[in-house]
Amino acid sequence: MKKLSGILISLLLLLSTQVQAKLVIEITEGVEGALPIAVVPFKWMGDAATPPPEDIGQIIAADLKRSGYFKTLDEAQMLARPSTMTEVDFRDWRELRQDNLVIGRIEPNGPGGYKLRFQLFDVYQGEQLIGYNFSTTAKDLRAIAHHIADLVYETLTGTKGAFATRIAYVVSEGSPKSPKLSLRIADSDGYNAQTIVSSTEPLMSPAWSPDGSKLAYVSFENGRPSIWIQEVFTGKREKITSFKGINGAPAFSPDGHYLAMALSKDGNPDIYIMDLARRKLRRVVRHWAIETEPSWSPDGRKLLFTSDRGGSPQIYQVSVTGGDVKRLTFENRYNARASYAPDGKSITLITRVGSQYRIGVMDLRTGSITGLTDGRLDESPSFAPNGSMIIYATRYKGKGVLAAVSTDGRVKQRLALQSGDVRDPVWSPYYK
């Protein structure tokens, strides 16, 4: 019960600033037989004294490597550094047992601008699979590199990449008696971290809008919980609810027109939906038990939520129009914090195994739960927008850190921040 109540609490204060601390990604477990690929450093065609501020090839290689599905070749082992197809001798790369090869070049394009060309080859067939040209600026070089990694990933796996997306998470720094908390966003690899909100009060439950332009959250900055929506790029924000009691667990609908939430303004916490254009509230679920953590189905027709109406926290499903409630989870005595996979065929959740809280995936067709993690206190699972990975919060060496696991459990990685406790992650959607 305490855990359920805790999930409903959050806070914040406005401030948008660049953060120096970075998330360091450590791959703790990858796929056996990962696909060998060589990413040659991109050739700089301009003045040697003024190279671009980002190493494009290195970013692409790091993205592919941390997916767990690719084994990238170390630069020191490369026999050549081609940047055009005419310079490629496929025998070199066959000798190194590389299945695929990425090459590219970058040149100046006016003040502060760049042109990039990249190509992906099948080494054994000796043919180009894809090739693109890009024009960009210095500040967008990392974004272009992530986009190229997405193109390579999709071409070779058949699944859309998610490297050019973002994550939001909460960081707590300072002493337990005087904490400094912040809600931050960063690229999916932890770079370009920015503080969206700062406070000395508790903070949690960020939720992305479907176009990635806004975050909803709960703030205690005036001594009582309130739900806010804030524009990520401008910092403009608006208070959405500030009722007596709990105002928590905001979740945007897939079309961005509605916000689901947990409110206790009429007694026990229940699930409500607000029409954001009209600011009109509608109660979807009403019960004497604690109802919280709403999450929308991809088609916007159903909501998942956590309830202890059966005697212990379990996952339930209801139509957004209300009506009959269906219990989904029966395995284990504790299941909470559920959300749908992008394809709507499964959900991720926190499930208790003995005294341990783990991240699991439940097949909605069979109802069976598969455990994916082995931590003692794994929390806040969130799907990547392509459904391939789940980011979550856990404990490591006495600190709160973020981690990610593939939906089949074979790829695992840990995202460690240099300072502070990190928790409550949520993966952004694809930008529209």
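## Salt bridges

A search of the whole structure finds 16 salt bridges, where a salt bridge is a side-chain nitrogen of Lys or Arg within 4 Å of a carboxyl oxygen of Asp or Glu. This is a predicted model, in which local features need pLDDT of at least 70 and side-chain atom pairs count only at pLDDT 80 or more, while totals for chains, interfaces and linings use all residues. Residues are numbered from 1 along each chain as its sequence is written, and side-chain values use heavy atoms, leaving out hydrogens and water.

## E221 with R237

Let us begin with E221 and R237, whose side chains meet at 2.6 Å, N to O. E221 sits in the loop between strand 13 (214-219) and strand 14 (226-231) and R237 in strand 15 (residues 237-241), so the pair ties together parts 16 residues apart in sequence. Strands here are DSSP runs (E, at least two residues), numbered from the N terminus. E221 is partly exposed at 23% relative accessible area, and R237 is partly exposed at 22%; the classes are buried under 20%, exposed over 50% and partly exposed in between (1.4 Å probe, protein chains only).

The side chains of D270 and R283 form a salt bridge at 3.4 Å, N to O. This pair links D270 in strand 18 (residues 270-275) to R283 in strand 19 (residues 280-285), 13 residues apart. D270 is buried, with a relative accessible area of 3%, whereas R283 is partly exposed at 26%. Both belong to a salt-bridge network that links K265, D266, D270 and R283.

R309 and E291 also meet through their side chains, at 2.8 Å, N to O. R309 is partly exposed at 21%, but E291 is buried at 0%.

## The hairpin of strands 29 and 30

Further along, strand 29 (residues 389-396) pairs with strand 30 in the antiparallel sense over eight bridges; pairing requires at least two DSSP bridges between the strands. The two form a hairpin with two residues between them, and K397 in the turn has a positive phi of about 55 degrees. Across the pair, I390 stands opposite V405.

Strand 30 (residues 399-406) is mostly covered, with seven of its eight residues buried. Beyond its neighbours within four places in sequence, A404 has contacts (heavy atoms within 4.5 Å) with M389, I390, I391, Y392, V411, K412, Q413 and L415.

How values were computed: Helices (H or I, at least four residues) and strands (E, at least two) are DSSP runs, numbered from the N terminus.
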